[in-house]
Amino acid sequence: MEEICLRQPQQLVMVAGRTLGLVLFFIALRLGSAAPPGEPRQEGQCVRCCDPARYPESRRGSPSPLYPTPHVYPHINITILKGDKGERGERGSNGKVGKEGYVGLRGPSGAKGDRGHTGLPGGPNKQHYSAFSVGRKKGLHSSDYYQTLVFDTTFVNLHGHFNMFKGKFYCYVPGVYYFNLNIHTWNFKETYLHIMKNDQDMAICYAQPSDRSIMQSQSIMLELQHNDEVWVRLYKRERENAVYSDDVDTYVTFNGYLIKASLD
């Protein structure tokens with residue numbers, strides 16, 4: 001490597017010297033072809049560029065040469081003096097996020113996957129039930145205020161949704177229900193009751209006074225929400241109002257059951 005670096009400047013000096021010689025040669029030819037000042041040049045006459053008769057003495061004796069010697073500055077190609085490879089620099093900061101591109105075309109469908117494992121067995125199908133059927137073996141007469149018809153006999157009461165103490169059915173499964181009321185009238189007395197939903201009368205069960213007692217019935221379907229109440233109310237006294245029953249037979253019954261749960 002040191003030998004190559006030493007040869008390069010020597011070659012450059014030789015090339016520069018040859019180039020300088022050619023330049024001086026052409027300058028001498030050009031000056032020799034020009035006529036000296038004050039003398040006309042004859043066509044086809046050769047002139048020596050260094051003829052002392054052509055130049056005055058003062059000019060020949062001038063300490064400065066007519067043609068100054070040019071200075072030669074060697075040029076070194078810096079690219080050949082290549083150093084060792086430097087260390088890798090640190091990574092620059094991330095640039096700004098570019099604009100979102102267009103949505104590409106949908107790719108082809110992939111291959112069908114393998115069949116999955118068999119899952120765990122499910123639990124039993126959950127079904128919702130609610131039903132009751134109650135009766136009363138005592139008669140009831142109207143008073144100065146409304147009365148709730150309370151029952152003393154239980155035929156069906158699934159999950160205890162009918163409260164025997166309060167005489168009310170409480171909805172624990174929202175959905176559509178069917179209700180039915182059967183009563184026996186009292187001779188020569190009016191029968192006046194309502195099937196109630198919460199505090200609202202939904203249907204009436206009525207019979208006029210008569211010398212003959214009869215069985216009277218009323219049915220209705222209601223859509224109930226959670227904690228709704230359904231019960232039977234005896235109208236307050238404006239005229240004689242009563243329902244008949246005795247300890248032997250059950251003349252008064254109240255029934256209800258769920259038709260379709262809202263959770264299904």
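**Salt bridges**

Modeller: The count comes to two salt bridges, where a salt bridge is a side-chain nitrogen of Lys or Arg within 4 Å of a carboxyl oxygen of Asp or Glu. This is a predicted model, in which local features need pLDDT of at least 70 and side-chain atom pairs count only at pLDDT 80 or more, while totals for chains, interfaces and linings use all residues. Residues are numbered from 1 along each chain as its sequence is written, and side-chain values use heavy atoms, with hydrogens and water left out.

Glu229 lies in strand β11 (residues 229–234) and Lys168 in strand β6 (residues 168–170), so that the pair links distant parts of the chain, 61 residues apart; strands (E, at least two residues) are DSSP runs, numbered from the N terminus. Lys168 counts as buried because its relative accessibility is 18%; buried means under 20% relative accessible area, exposed over 50%, and partly exposed in between (1.4 Å probe, protein chains only).

In the other salt bridge, the side chains of Lys189 and Glu240 meet at 3.4 Å, N to O. This pair also links distant parts of the chain, 51 residues apart: Lys189 is in the loop between β7 (175–184) and β8 (191–197), and Glu240 is in the loop between β11 and β12 (242–243). Lys189 is buried, with a relative accessible area of 17%, whereas Glu240 is partly exposed, at 37% relative accessibility.

Key: Helix = DSSP H or I, 4+ residues; strand = E, 2+ residues; numbered from the N terminus.
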